[in-house]
Amino acid sequence: MPAASILIKPASANCNIDCKYCFYKCLSSNREEYSKGFMSKDTLEKLVANAIEYADGYLSFAFQGGEPALAGLDFFKQAVEFQKKYNTKGLVIENTLQTNGILIDRAWAEFFQENKFLIGLSLDGPKKIHDRYRLDAASGPTFLKVMNTVQLLKQYRVDFNILTVVTNKAAENPSYLYHFYQRNGFPYIQLIPCMDEPNRNDGENVNRFAVDPVKYSRFLNCFFDLWYEDFMRGQDMDIRMFSNLAQMAAGYPAEECGMNGRCSCYFAVEGDGSVYPCDFYCMDKWKLGTVEDSFSDLGSSKRAKEFLSSGDMILEKCKTCPYFSLCRGGCRRWRETGEKERLNLNYLCPAYEIFFEHCMERIEKLGRLLLQTTPPPASFYFPNRLPENTARKQLTTLPPSK
């Protein structure tokens, strides 16, 4: 039995804000049921019991949405109680919750602190960038509400990461964004390039939200330059992408699943208990079963094997690319063409070529520094990769450069 990561959507696709680029809203609109409903107590108990039976050593429960906080604080209190009830194996259990932060108050913050939840807080940067797409149901701004939650989490000493979707607007302002993080003392940052859904059903250009590859390459180059200079001076802002690249340069697997170049089944569980192989593929076609089934059976099912094998294609250009050891072709989600069963180059391949040419020597240096640390990074022990948009604390602290 493996270490395991289970992604849970207790409120399904339901959300209390209306992010214009939301991939899950679009994905859900193209399946038979938009919302799978709110997870019941019985489904939660079965899920926790089966996950603990399946896992060995370590188990991560990552709560996402939609907006998972819509399930209510009592739901998460019950989840913790079920974990205590069934964890007779002495697993190390980690709980993470990815939230837009709107519903988080003192009661939530106190619960997070007492139960050591790691929080991923969605914040796209300063007000003029964040409020461009992350609006409430009445098309009102949400930036100030999220920043209030930041202060609350700091007050209660809750561990949290910042998750930023890099839109074209953000990509045009890398220095502005970087120094915003610094001013606010955000030590853990996850950058997710904005990608559109191939099945967006509003009849408009499917790439109207996708970040432009050229803009994204300039963004990464500038962001890395700023971060690397500060990092080598001893400042400790952790950028998840850069930490993963350092791990890969040192010969370790990436902790983030999309950076390993091939799919893994980390199990995404919808509100009704239906189980899928990946957050990006909570689609009718890829339903593996339900939490009534054992995770071992789900992971070895014909549908799961089909999912894993269908994402394995590596193009000749990738095989001969000097940066393949770090890029590995990227997440399957970014290689889809919209044509059935056909994968192409990563949509952001031009951006990564420019980025790696710009910073390859420094990434390799980070890898050499990482090899000086003991023990190796946590993900080395936990081969079941974590999904892209999952809160994760800094995995390593590299020694200072000599």
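Residues are numbered from 1 along each chain as its sequence is written, and side-chain values use heavy atoms, with hydrogens and water left out. As the model is predicted, local features need pLDDT of at least 70 and side-chain atom pairs count only at pLDDT 80 or more, while totals for chains, interfaces and linings use all residues.

The secondary structure of the chain comprises 15 helices and twelve strands. Helices (H or I, at least four residues) and strands (E, at least two) are DSSP runs, numbered from the N terminus. Of the 402 residues in the chain, 56% are buried. Buried means under 20% relative accessible area, exposed over 50%, and partly exposed in between, for a 1.4 Å probe and protein chains only. Contact means heavy atoms within 4.5 Å. Among contacts between residues at least 6 apart in sequence, 73% join residues at least 24 apart.

Helix α10 (residues 240-249) is largely enclosed by the rest of the structure, because nine of its ten residues are buried. The buried residues are Arg240, Met241, Phe242, Ser243, Asn244, Leu245, Ala246, Gln247 and Met248. These buried residues pack against β8 (188-193), α9, β9 (238-239), α14 (324-327) and α15 (349-370). Just after α10, Gly251 has a positive phi of about 95°.

Two packed helices are described by the angle between their axes and the distance between the axes. Helix α8 (residues 174-183) packs with α9 at an angle of about 35°, and the axes are 9 Å apart. Axes are lines fitted to C-alpha atoms, for helices over the stretch in contact, and angles run from 0 to 180 degrees between N-to-C directions. The crossing of α8 past α9 is right-handed; a crossing is left-handed if the near helix is turned anticlockwise from the far one by less than a right angle, and right-handed if clockwise. On the α8 side, Pro174, Ser175, Leu177, Tyr178, His179, Tyr181 and Gln182 take part, and they meet Phe219, Cys222, Phe223, Leu226, Trp227 and Asp230 of α9. The residues of this contact comprise nine nonpolar, three polar and one charged. In this division Ala, Val, Leu, Ile, Met, Phe, Trp, Tyr, Cys and Pro count as nonpolar, Asp, Glu, Lys and Arg as charged, and the others, Gly among them, as polar.

Aromatic rings were examined next. Rings of Phe, Tyr and Trp (its six-membered ring) pair if their centres lie within 6.5 Å; planes under 30 degrees apart count as stacked, over 60 as edge-to-face and the rest as tilted. By this rule there are 38 aromatic pairs. One of them joins Phe23 and Phe280, which are edge-to-face because their ring centres are 5.0 Å apart and their planes stand at 70°. This pair links distant parts of the chain, 257 residues apart: Phe23 lies in helix α1 (residues 23-29), and Phe280 in the loop between β11 (274-276) and β12 (289-290). Both Phe23 and Phe280 are buried. Tyr216 and Phe219 form a stacked pair, with 6.2 Å from centre to centre and 15° between the planes. These two residues are three apart in helix α9 (residues 213-232), so about one helical turn separates them. Tyr216 and Phe219 are both buried.

Charged side chains also lie over ring faces. A charge sits over a ring if NZ of Lys or CZ of Arg is within 6 Å of the ring centre and within 35 degrees of the ring normal. Arg333 lies over the face of Phe280, at 5.3 Å from the ring centre, and Arg362 over the face of Tyr228, at 5.5 Å.

Several single residues complete the description. Ser28, in helix α1, is buried, with a relative accessible area of 1%. Leaving aside residues up to four places away in sequence, Ser28 touches Ala13, Glu33 and Tyr34. Glu53, in helix α2 (residues 41-54), counts as exposed at 54% relative accessibility.

In the backbone, a cis peptide bond with omega of about 5° joins Gly65 and Gly66. Gly66 is in the loop between β3 (58-63) and α3 (73-86). Ser12 is not a glycine but has a positive phi of about 55°. Ser12 lies in the loop between β1 (4-8) and β2 (17-19) and counts as buried at 0% relative accessibility. Arg157 also has a positive phi, near 55°, and is found in the loop between α6 (143-155) and β7 (160-166). At 73% relative accessibility, Arg157 counts as exposed.
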